[in-house]
Amino acid sequence: MLSPTFPPPHISLNLHQTPSLFSFQPPKPIKHSNSRTINPKPHTNFRSSYSETPSSAYTVQDLSTPENPEAEFSDTQTLSQSLRPYLLALWLRSCRSLKEVRRVHALILRCICNPVTYVFNNLMCAYLGFGELVHARNVFDEMAVRNVVSWTAIVNGYLNFGLDDEALGLFSEAVDEGIQPNGNMFVCVLNLCCKRLDYELGRQVHAGVVKGGWSNMIVDSAIVKLYAQCGEFSSAFHVFDQMPKLDVVCWTTMITACSQQGRGMESFSLFAQMLSDGFSPNEFTVCGVLKACGAEKELRFGRQLHGAIVKKIYKSDIFVATALVDMYAKCGEIEDSRYVFDGMRNRNTVTWTSIIAGYARKGLSEEAICLFRLMKRRNIHVNNLTIVSILRACGLIRCSPIGREVHAHIIKYSVETNLYLGSTLVWFYCKCGEYSTATKVLQQMPLRDVVSWTAIISGCAHLGHESEAIELLKEMMEDGVEPNAFTYSSALKACANLDTVLHGQLVHSSANKSPAMSNVYVGSALIYMYAKCGYVTEASQVFDSMPERNLVSWKAMIVGYARNGHCQEALKLMYRMQAEGFELDDYIVATVLTACGDLEWDMDPSFECSLRSRLSFS
């Protein structure tokens with residue numbers, strides 16, 4: 001079905017051709033994993049999805065109302081004789097409050113000696129629908145007979161509350177008890193595998209789906225999502241291509257998965273094919289494509305999508321508007337992002353975070369801080385990405401008081417264990433010149449990754465604590481954390497500032513054993529370190545062995561030659577640099593001509609004239 005090549009997003013959105021892009025308003029699909037709910041609110045569709053309904057059709061015109069189920073019964077015996085399991089199930093499915101559910105539950109316990117399984121299933125789902133996991137589990141534990149619906153409901157309940165390990169344990173228990181999963185349970189467990197990125201278990205579930213003949217659009221979409229989230233896109237596309245029938249939810253699942261995993265071009269290609277097949281995108285499809293536009297910096301296509309779809313159908317949708325804010329911000333169009341933001345009637349945490357992050361990326365820290373204060377005054381919930389963005393904004397302008405205020409918020413809500421927050425805090429305090437506080441934050445982190453270590457090593461090198469930076473690099477490697485290119489570059493800068501070539505050689509030896517050695521910034525840092533320590537031959541060898549060079553590499557080598565008295569080599573390298581298409585900047589020219597001004601020029605007279613004229617103008 002799908003071509004393995006993905007063309008750039010030149011998608012024509014003609015609103016007048018048939019089949020029309022907007023011929024119908026499709027139903028909203030299940031919300032995908034791009035927004036994680038930690039404390040879920042009552043799910044209005046929960047009972048209809050997992051509770052059971054008896055096959056016979058009955059009327060309840062002569063019965064009491066759900067608001068007062070005992071109203072027309074004078075004694076327990078009469079009540080017990082009149083109640084039927086299907087009536088209890090109907091009452092539970094029509095309950096509008098937790099109080100009503102509890103009253104029906106009390107009625108069941110009082111009047112029904114041996115309730116059938118589907119009554120308990122409906123009772124359990126009613127509790128889960130109002131977020132009462134403990135009560136639902138109590139009902140589940142009291143059940144004498146449990147069927148696949150019972151197990152699916154309780155597993156899904158734990159999953160909705162973010163209790164992934166407990167949900168997995170319940171699924172294992174169901175398998176041990178010989179429960180044969182159905183399509184709903186397979187979807188539930190596949191969603192669990194997605195959250196845990198458990199590829200192996202997902203493969204086993206997929207095998208069970210195939211073996212049991214449970215394949216359908218919903219189950220297959222969950223399988224596609226699982227493989228895509230685990231980075232197995234060949235498997236995801238294989239399952240997607242084998243699906244006999246597709247709907248907008250299937251297309252949206254694949255498009256969103258691609259955009260979330262940084263495969264924007266695939267998202268565009270899928271979107272184009274979806275439109276050509278006559279499907280009308282829903283708001284979740286639009287959000288997925290807009291996310292891809294932001295990641296790929298496809299501003300033109302993002303504007304086209306904004307004009308052709310968003311303004312026509314989803315003008316007031318908070319998710320689409322938030323995706324627009326984020327897309328424009330990531331494309332560097334902060335004014336357009338703010339325009340969409342200001343025009344929104346409702347905003348959520350992600351909306352505020354997107355605009356704050358956009359201002360921080362543009363270096364407009366004051367605006368980001370103002371929006372953060374406004375967000376707090378309006379009591380909008382702050383998430384981890386909001387905190388990271390505002391800390392970056394504070395760090396750029398060395399705004400320590402507000403950063404400390406944010407740090408206090410982190411401690412208050414016990415989220416300091418988060419790796420990204422901890423690493424950003426380390427970076428922030430280093431930017432503000434508070435090395436001791438940065439070190440304290442690093443030591444308090446229960447887990448430290450390469451980003452955390454690099455933040456403190458880079459901060460030390462920047463603040464003049466070079467010896468500490470080198471010691472921290474040793475500690476990092478002893479901790480079993482592999483340095484990356486940025487770590488090595490920062491450590492080499494510290495070695496250069498100390499003029500200790502021995503430490504630099506040790507770092508060079510370590511970098512040689514890692515993929516970081518091919519990085520242009522590591523090579524440039526090595527050239528600078530060796531030249532600064534007076535080892536010009538070694539610097540030249542690194543320069544010549546680099547697979548690619550940038551302006552920093554050329555500058556480091558030329559200035560290294562000049563400052564070590566190798567003026568002819570510096571001048572020749574300048575000539576070579578210009579011949580290879582790099583533009584000489586004023587710093588290189590001024591440094592070389594200042595160091596080598598009395599040297600007799602042995603080069604093209606026109607090049608010498610050009611250099612001297614540049615020096616006179618600078």
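1. Arg 303, Glu 333 and Asp 336 are joined in a network of salt bridges, a salt bridge being a side-chain nitrogen of Lys or Arg within 4 Å of a carboxyl oxygen of Asp or Glu. The structure is a predicted model, in which local features need pLDDT of at least 70 and side-chain atom pairs count only at pLDDT 80 or more, while totals for chains, interfaces and linings use all residues. Residues are numbered from 1 along each chain as its sequence is written, and side-chain values use heavy atoms, with hydrogens and water left out.

2. Arg 303 lies in helix α16 and Asp 336 in helix α18, so the pair ties together parts that are 33 residues apart in sequence. Helices (H or I, at least four residues) are DSSP runs, numbered from the N terminus.

3. Arg 303 also forms a salt bridge with Glu 333, whose closest N and O atoms are 3.7 Å apart. This pair links distant parts of the chain, 30 residues apart: Glu 333 is in the loop between α17 (318-330) and α18 (334-342), and Arg 303 is in helix α16 (residues 299-310).

4. Arg 303 is partly exposed, at 36% relative accessible area; Glu 333 is partly exposed at 30%, and Asp 336 is partly exposed at 24%. Buried means under 20% relative accessible area, exposed over 50%, and partly exposed in between (1.4 Å probe, protein chains only).

5. Elsewhere, Lys 195 and Asp 164 meet in a salt bridge of 3.2 Å, N to O. Lys 195 belongs to helix α9 (residues 183-196) and Asp 164 to helix α8 (residues 164-176), 31 residues apart. Asp 164 is buried, at 13%, whereas Lys 195 is partly exposed, at 34%.

6. A search of the whole structure finds 13 salt bridges.

Methods. Helix = DSSP H or I, 4+ residues; strand = E, 2+ residues; numbered from the N terminus.
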